[in-house]
Amino acid sequence: MHLVEILLPLYDNEGQRFGGAEFDRVRDELAGRFGGVTAFRRAPGEGVWREGGEESRDRVVIFEVMAEALDRGWWRDYRAELERRFRQEKMVVRASEFEEL
């Protein structure tokens, strides 16, 4: 089994908060394709990174799905679609292999 996590920004690059409909759409898409999804929307995480001597911060929510097979091509395309919809240069979509206990 694989656990796929998607980190979605709460705000665009101009500081405008995304509406709930954008997150609901992602939830519905993932639930429809994978049969379920877990969304951590109430306790956003905070990302901090340094690049070129400048510090950046972002608040994110996390969506998770479990899948038996990992269709890398589909996930690459979906990440690109989310980057477009959430107006991001790069988004984190990561997968981990795990064993159900």
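1. The largest pocket is lined by 18 residues. Those nearest its centre are P9, W49, D58, Q88 and K90. Note that this is a predicted model. The elements giving two or more residues to this lining are β1 (2–9), β2 (38–51) and β3 (54–67). β3 contributes the largest share, four residues.

2. The volume of the largest pocket is about 510 Å³. By residue class, its lining divides into eight nonpolar, five polar and five charged.

3. The second largest pocket holds about 150 Å³ of space. V4, L70, D71, R72, W75, R76, R79, V93, R94 and A95 line it. The largest share, four residues, is from α2. The lining splits into five nonpolar and five charged residues, with no polar ones.

4. Which residues of α2 are buried? They are W75, Y78, L82, E83 and R85. After the helix comes R87, with a positive phi near 50 degrees.

5. Seven aromatic pairs are present in the structure. One of them joins F18 and F86 edge-to-face, at 4.8 Å centre to centre and 65 degrees between the planes. F18 is in the loop between β1 and α1 (20–34), and F86 is in the loop between α2 and β4, so this pair ties together parts 68 residues apart in sequence. Both partners are buried: F18 has a relative accessible area of 6%, and F86 is at 1% relative accessibility.

6. Another pair is F34 with W75. The ring centres of F34 and W75 are 5.3 Å apart and the planes are at 15 degrees, so the pair is stacked. F34 belongs to helix α1 and W75 to helix α2, so the contact ties together parts 41 residues apart in sequence. F34 counts as partly exposed, at 23% relative accessibility. W75 is buried, with a relative accessible area of 6%.

7. Ring pairs link F34, W74, W75 and Y78 into a cluster. W75 also lines the second largest pocket, and W75 and Y78 are among the buried residues of α2.

Technical notes: Residues are numbered from 1 along each chain as its sequence is written. This is a predicted model: local features need pLDDT of at least 70, side-chain atom pairs count only at pLDDT 80 or more; totals for chains, interfaces and linings use all residues. Side-chain values use heavy atoms; hydrogens and water are left out. On a 1 Å grid over the protein atoms alone, a cavity is a set of points where a 1.4 Å probe fits but cannot get out, and a pocket is an open set with protein on both sides within 12 Å along at least five of seven lines; lining residues have an atom within 4 Å of a point. Grid points are joined across faces, edges and corners, and a volume is the space filled by probe spheres set on the points. Ala, Val, Leu, Ile, Met, Phe, Trp, Tyr, Cys and Pro count as nonpolar, Asp, Glu, Lys and Arg as charged, and the others, Gly among them, as polar. Buried means under 20% relative accessible area, exposed over 50%, partly exposed in between (1.4 Å probe, protein chains only). Rings of Phe, Tyr and Trp (its six-membered ring) pair if their centres lie within 6.5 Å; planes under 30 degrees apart count as stacked, over 60 as edge-to-face and the rest as tilted.
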